[in-house]
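Here is a short briefing to read alongside the sequence and the model. Please keep both open as you go through the points below.

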Amino acid sequence: MTRLPRPRLVWTKAASGRNLFVIVGLTIALIVSGIAMAAYNEQLQQAQRVRAVGVQADILASSVTAALSVGTPADAQEYVKALAANPDIEDVRVYDTANRLYASYSRPAHASGGHIEVTRRVAEKGQVFGHVYLRTEAEPLARRVARYSGVGLLALMGALLVAVLIAAQSSLARANRELEARAGELAGANESLLVEMAEREKAEEALRQSQKMEAIGKLTGGVAHDFNNLLMVASSGLDLMDRTTDPVRRGVLRDGIRQALERGASLTRQLLSFSRRAPLNPATVDLAQRIENMRVLLERSLREDIEVRLRLAPDLWPVRIDSSQLELALVNIAVNARDAMPHGGTIVVAAENHPAMDDGELKGDFVRLAITDSGEGIPDDLIPRVIEPFFTTKEVGRGTGLGLSQVYGFTRASGGDLRISSEPGKGTTIALYIPRSTEPVVEQPKPAPRGRAGGKAKGRILLVEDDETVAALVTAMVTELGYEPTRASTAAAALEALEKDKDKSLQVVFSDMVMPGAMNGLELAREIGRRRPDLPVVLTTGFSDAAAAATAEGMRLLVKPYRIEALAAELDAVREAKRLQRKGRKPH
């Protein structure tokens with residue numbers, strides 16, 4: 001915060017004389033330009049009047065054609081009288097081919113000093129039946145006076161301006177002396193203002209901190225509630241599994257624990273998506289096929305009294321998106337729609353092509369994916385707020401306010417946009433605009449089968465993980481998949497293990513990204529790429545920043561938490577890519 005200097009006011013006669021000269025010159029220029037514009041407008045008005053009278057004459061000529069051709073003067077007179085509604089028309093006449101007056105209308109001429117006269121032939125298909133004559137006043141005197149009164153007003157204003165400036169010049173000198181005398185008072189007021197500004201900045205900073213804490217409280221309250229429920233399911237499920245030997249009962253409990261873990265992973269993805277820090281894994285997909293495959297998932301997320309209908313265009317374009325984020329977005333929208341229909345209803349999922357869009361930020365070819373429900377709708381004043389993080393209209397414990405935030409963050413991160421339209425009592429439509437992709441569709445990989453991997457061993461794997469609990473579980477998972485694991489807790493230990501691998505029996509490196517020591521997982525992958533370019537590396541992390549960095553460099557990434565099927569698919573993919581590389585073929 002800086003102190004304001006003591007004000008000094010200086011007004012000289014030379015400066016005031018220059019200002020007076022400039023203002024007088026501008027005033028004269030303004031008056032001259034006003035006269036020129038008035039003259040130019042008068043020419044335009046005259047030309048417009050001539051065109052308008054010509055059009056009226058043409059209309060009259062075409063209207064009386066039938067009357068002249070069959071010889072009915074009464075009809076022609078009716079058309080002529082119709083022009084009497086125009087106060088500017090002074091004389092109208094219709095003549096036949098013998099130049100005899102057929103119909104006419106006239107009124108006293110105005111004393112304007114100008115008239116416009118137009119004559120037109122009455123003809124049809126080359127045959128002439130006569131002609132019409134039309135005379136109007138060039139321009140009413142009142143209009144002309146009104147137009148030029150503006151120029152006079154400008155001149156009057158210019159004279160007043162000069163007079164005011166002369167009077168102000170003397171008063172400014174007097175005011176300058178008075179203001180100089182008050183400069184001391186202003187300096188004191190400035191000191192007081194600086195103190196008040198400092199106090200206000202402190203108050204505003206305290207308010208911002210309070211708002212941050214309130215926002216964090218809303219987030220942590222909703223997230224903690226959901227995670228406590230998930231932990232309760234997992235904890236009680238494990239306790240009950242220890243107390244029963246019934247395989248059916250243990251299977252039910254195991255499925256419940258797995259479902260709780262999947263819900264926890266989904267909640268984490270929501271947190272990362274609304275902050276737009278979740279790493280996307282986009283691929284070109286057949287949107288219609290993906291939505292068809294999600295029908296069962298959507299129906300399971302809803303109640304029995306809610307019907308899901310799909311309306312997908314047969315020629316739907318492919319799009320490049322993260323399929324898992326798309327599924328999460330659709331489920332979030334469907335759950336919101338379910339809560340808006342407490343007595344049941346219908347959800348329609350429609351998709352269609354929108355070519356060559358030019359609507360705000362949407363420019364190009366897009367696919368519009370719209371989800372419409374028949375629920376209670378959203379008030380107009382709440383529509384802009386429903387995509388805000390933490391905002392929810394649901395009761396406490398029924399949501400964290402992150403659902404539509406995730407949808408918005410995912411859509412924007414995919415290069416598209418989100419549009420919401422709603423009418424209270426009639427339902428809501430949430431439309432996702434996703435850019436069209438011209439790349440070939442990537443087939444969805446089939447999940448690896450459950451159960452112990454049998455048959456031939458798949459080779460050695462270097463597992464780099466600093467957390468003992470996670471390392472033990474991942475070691476069991478890769479062993480289950482048929483690999484022989486070698487564990488390292490730091491990047492330095494992993495490089496030592498790599499040096500000892502003289503026969504190059506290691507098939508793949510599976511490394512965490514966030515580890516203690518001077519080198520993290522991404523730097524380890526770069527170093528392995530320099531030392532052993534033929535040795536594939538798969539990275540894993542649950543941190544959004546680390547995942548985004550790995551994705552930006554094109555590294556293979558498995559986001560935590562992951563299931564053994566996903567781990568098996570990723571390891572098989574890198575082994576297949578290595579096999580094709582040895583044969584000189586590019587992996588798909």
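Setting aside neighbours within four places in sequence, Asp 373 is in contact (heavy atoms within 4.5 Å) with Ala 337, Met 341, Thr 346, Ile 347, Lys 426, Gly 427 and Thr 428. This is a predicted model, in which local features need pLDDT of at least 70 and side-chain atom pairs count only at pLDDT 80 or more, while totals for chains, interfaces and linings use all residues. Residues are numbered from 1 along each chain as its sequence is written, and side-chain values use heavy atoms, with hydrogens and water left out.

**Around Asp 373**
- Asp 373 belongs to strand S9, residues 362-373; strands (E, at least two residues) and helices (H or I, at least four) are DSSP runs numbered from the N terminus.
- With a relative accessibility of 10%, Asp 373 counts as buried (buried is under 20% relative accessible area, exposed over 50% and partly exposed in between, with a 1.4 Å probe and protein chains only).
- A polar atom of the Asp 373 side chain lies 2.8 Å from the backbone nitrogen of Gly 375.

**Helices H11 and H15**
- The axes of H11 (residues 468-480) and H15 (residues 564-582) come within 10 Å and cross at roughly 60 degrees; axes are lines fitted to C-alpha atoms, for helices over the stretch in contact, and angles run from 0 to 180 degrees between N-to-C directions.
- That angle makes H11 oblique to H15 (under 35 degrees is roughly parallel, over 145 roughly antiparallel, 65 to 115 roughly perpendicular and the rest oblique).
- From H11, the contact is made by Met 477, Val 478 and Glu 480, and from H15 by Ile 564, Leu 567 and Leu 571.
- Five of these contact residues are nonpolar, none is polar and one is charged; Ala, Val, Leu, Ile, Met, Phe, Trp, Tyr, Cys and Pro count as nonpolar, Asp, Glu, Lys and Arg as charged, and the others, Gly among them, as polar.

**Positive phi values**
- Lys 125 is not a glycine, yet its phi is positive, at about 55 degrees.
- You will find Lys 125 in the loop between strand S3 (115-124) and strand S4 (127-137), and with a relative accessible area of 84% it is exposed.
- Ala 356, in strand S8 (residues 345-359), also has a positive phi, near 50 degrees.
- Ala 356 is exposed, at 65% relative accessible area.

**The chain as a whole**
- The protein chain has 15 helices and 16 strands.
- Of its 588 residues, 36% are buried.
- Among contacts in the protein chain with a separation of 6 or more, 70% are between residues 24 or more positions apart.

Technical notes: Polar contact = N/O pair within 3.5 Å; in protein donor to acceptor, adjacent residues only side chain to side chain.
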